[in-house]
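Reader: I'd like to learn how to read a fold by its features. Can we go through one together, with me asking and you pointing?

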Amino acid sequence: MPLDFTKHFVAVLMEFKLRKNTVCSWKVTVKLMNGRVTLDQGWATYAAVHQIKIGYMVTFKLLTADTLKVIIFDDDGIEVVNNCGKHDEAFATKE
């Protein structure tokens, strides 16, 4: 995550929920690496299930202290919309 983004956090938590425009959210852990906050466990599964490819743009908006809204755009700049599918239950959260 860019430092300009994380400076707005009151505190950097070790776990966040990622939420799209669906009822599903995903748990991801974060870690500090080379002075930057990076998404760690859960991110690879999220990226695979949501079919994020090289060239796609992913935006994050801080909704609450522990929830990030995720919007994915394909390489043509069109928002990628997909429903909750089968995924690793260890990282899924239901609300």
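Reader: Let's start with charge. Which side chains meet in a salt bridge?

Author: The general idea first: oppositely charged side chains can pair when their charged atoms come close. Keep in mind that we're looking at a predicted model. Here the side chains of Lys 17 and Asp 66 form the salt bridge, at 3.7 Å from N to O. The structure holds 1 salt bridge.

Reader: Which parts does that pair tie together?

Author: Lys 17 sits in strand β1 and Asp 66 in the loop between β4 and β5, so the pair links parts that are 49 residues apart in sequence. As for Asp 66, its relative accessible area is 30%, so it counts as partly exposed.

Reader: OK, zoom out for me. What pattern does the chain follow along the sequence?

Author: Going along the sequence, you get α-β-β-β-α-β-β-β. That's 2 helices and 6 strands. Contacts tell you about the fold too: of those with a separation of 6 or more, 48% are between residues 24 or more positions apart.

Reader: Now the strands. How many bridges join β1 to β2, and how many join β1 to β5?

Author: When you read a sheet, look at who pairs with whom and in which direction. β1 and β2 run antiparallel, joined by 5 bridges, and Glu 15 stands opposite Thr 29 in β2. β1 and β5 run parallel, with 3 bridges; there, Arg 19 stands opposite Lys 69 in β5.

Reader: Which strands form hairpins?

Author: β2 and β3 form one, with 2 residues between them. Those two strands are antiparallel and share 4 bridges, with Leu 39 in β3 as the bridge partner of Val 30. β4 and β5 form a hairpin as well, again with 2 residues between them. They run antiparallel with 7 bridges, and Thr 59 faces Ile 71 in β5.

Reader: On to backbone angles. Which residue in the β2–β3 turn has a positive phi?

Author: As a rule, most residues other than glycine have a negative phi. In that turn, Asn 34 has a positive phi of about 55°. Gln 51 also has a positive phi of about 55°, although it isn't a glycine. You'll find Gln 51 in the loop between α2 and β4.

Reader: That loop holds His 50 too. Is His 50 buried or exposed?

Author: Buried: its relative accessibility is 6%, and the cut-off for buried is under 20%. Leaving out residues up to four places away in sequence, His 50 touches Lys 20, Trp 26, Ile 72, Val 80 and Asn 82.

Reader: Next, aromatics. How many aromatic pairs does a search of the whole structure find?

Author: For each pair of rings, you describe the distance of the centres and the angle of the planes. The search finds 3 pairs. One of them is Trp 43 with Tyr 46, a stacked pair at 5.5 Å centre to centre and 20° between the planes. Those two residues are 3 apart in helix α2, which means about one helical turn separates them. Tyr 46 is buried, because its relative accessibility is 0%.

Reader: What about Trp 43 and Phe 60: what distance and what angle?

Author: That pair is tilted, with 6.2 Å between centres and 50° between planes. Trp 43 lies in helix α2 and Phe 60 in strand β4, so the pair ties together parts 17 residues apart in sequence. Phe 60 has a relative accessible area of 26%, so it is partly exposed. Ring pairs link Trp 26, Trp 43, Tyr 46 and Phe 60 into a cluster.

Conventions:
Residues numbered from 1 in each chain as written. Predicted model: local features only at pLDDT ≥ 70, side-chain atom pairs only at ≥ 80, totals over all residues. Heavy atoms only, no water. Contact = heavy atoms within 4.5 Å. Pairing = 2+ DSSP bridges. Buried < 20%, exposed > 50% of the residue type's maximum accessible area, 1.4 Å probe, protein only. Phe/Tyr/Trp six-rings, centres within 6.5 Å; stacked < 30°, edge-to-face > 60°. Salt bridge = Lys/Arg side-chain N within 4 Å of Asp/Glu carboxyl O.
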